[in-house]
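Work through the exercises below with the sequence and the 3D structure side by side, and try each task before reading its solution.

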Amino acid sequence: MVKLNKIYTRTGDDGTTGLVTGPRRLKHDLRVDAYGTVDETNSAIGIARLHTGTMPDLDAMLFRIQNDLFDLGADLATPETGEKVSWEPLRIVQSQVDRLEGEIDTLNAGLDPLTSFILPGGSAAAAYLHLARTVSRRAERLMVELSKIEGEIVGAPALKYINRLSDFLFVASRYVNEGGKADILWVPGKNR
């Protein structure tokens, strides 16, 4: 259980932050950047949710995703080192990926097939969902880069989850745009 009595600790004044297991890393460390970008994704989804309250099923999905993103942040902030710890670290698991895939299928079922790329926009909810999508793609790029560094393990379910999340947010943006009818389509070379 998390309990925060004091918000500032002054321990980061030297430009470092502590991982869950104790070691300190520079605040611009790739692992810290990855879980910070996951947190940024979560905030962007929070803004999108300001515009999805009239869609309770979608809003509930987004709320679950926000909780999952805290799980993902905890996963990334607790690097796998092979050392024994006295607790079981919180990790993204396959069932979270499976649930996300099922929700993508649910939202996508009523959408017309795409005939062009979509410009971010339409409704406010769609625009913010597109913003969250692009931030999640950045988180994914950082997580993949981190996973390629020797000794820096990122679990396969975590990588799958962040990849599916951007797909979910894309489909959700179409869903809130009147099932895709209010999507703004890209017209290649239109302004030449």
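The exercises that follow concern a predicted model, and each task is followed by a solution in steps.

**Exercise 1. The first helix**

Task: Find how the span of helix 1 compares with the expected span, and which residues of helix 1 are buried.

Solution: Begin with the length, for helix 1 has 20 residues and reaches 29 Å from its first C-alpha to its last. Next, look at the start of helix 1, where a side-chain oxygen of Asp 29 comes to within 2.9 Å of the backbone nitrogen of Arg 31. Finally, turn to burial: the buried residues of helix 1 include Leu 30, Arg 31, Val 32, Ala 34, Tyr 35, Val 38, Ile 45 and Ala 48.

**Exercise 2. A nonpolar patch**

Task: Decide which residues make the nonpolar surface patch, and whether Leu 50 is buried or exposed.

Solution: The patch is made by Ile 47, Leu 50, Tyr 128 and Leu 131, and its area is about 380 Å². Among these, Leu 50 is found in the loop between helix 1 (30-49) and helix 2 (56-76). The relative accessible area of Leu 50 is 68%, and because exposed means over 50%, Leu 50 is exposed.

**Exercise 3. Two rings**

Task: Work out what kind of aromatic pair Phe 117 and Trp 186 form.

Solution: The count of aromatic pairs comes to one. In this pair the rings of Phe 117 and Trp 186 lie 5.7 Å apart, centre to centre, with 50° between their planes, and the pair is tilted because an angle under 30 degrees would count as stacked and one over 60 as edge-to-face. Phe 117 lies in the loop between helix 3 (94-108) and strand 3 (118-119), whereas Trp 186 lies in the segment after strand 4, so the pair ties together parts that are 69 residues apart in sequence. As for accessibility, Phe 117 counts as exposed at 62%, while Trp 186 counts as partly exposed at 38%.

Technical notes
Residues numbered from 1 in each chain as written. Predicted model: local features only at pLDDT ≥ 70, side-chain atom pairs only at ≥ 80, totals over all residues. Heavy atoms only, no water. Patch = residues over 30% accessible without salt bridge, like charges linked within 9 Å, V, L, I, M, F, W, Y side chains within 5 Å. Areas by Shrake-Rupley, 256 points an atom, 1.4 Å probe, with all protein chains shown as cover. Salt bridge = Lys/Arg side-chain N within 4 Å of Asp/Glu carboxyl O. Helix = DSSP H or I, 4+ residues; strand = E, 2+ residues; numbered from the N terminus. Buried < 20%, exposed > 50% of the residue type's maximum accessible area, 1.4 Å probe, protein only. Phe/Tyr/Trp six-rings, centres within 6.5 Å; stacked < 30°, edge-to-face > 60°. Expected span 1.5 Å × (residues − 1). Polar contact = N/O pair within 3.5 Å; in protein donor to acceptor, adjacent residues only side chain to side chain.
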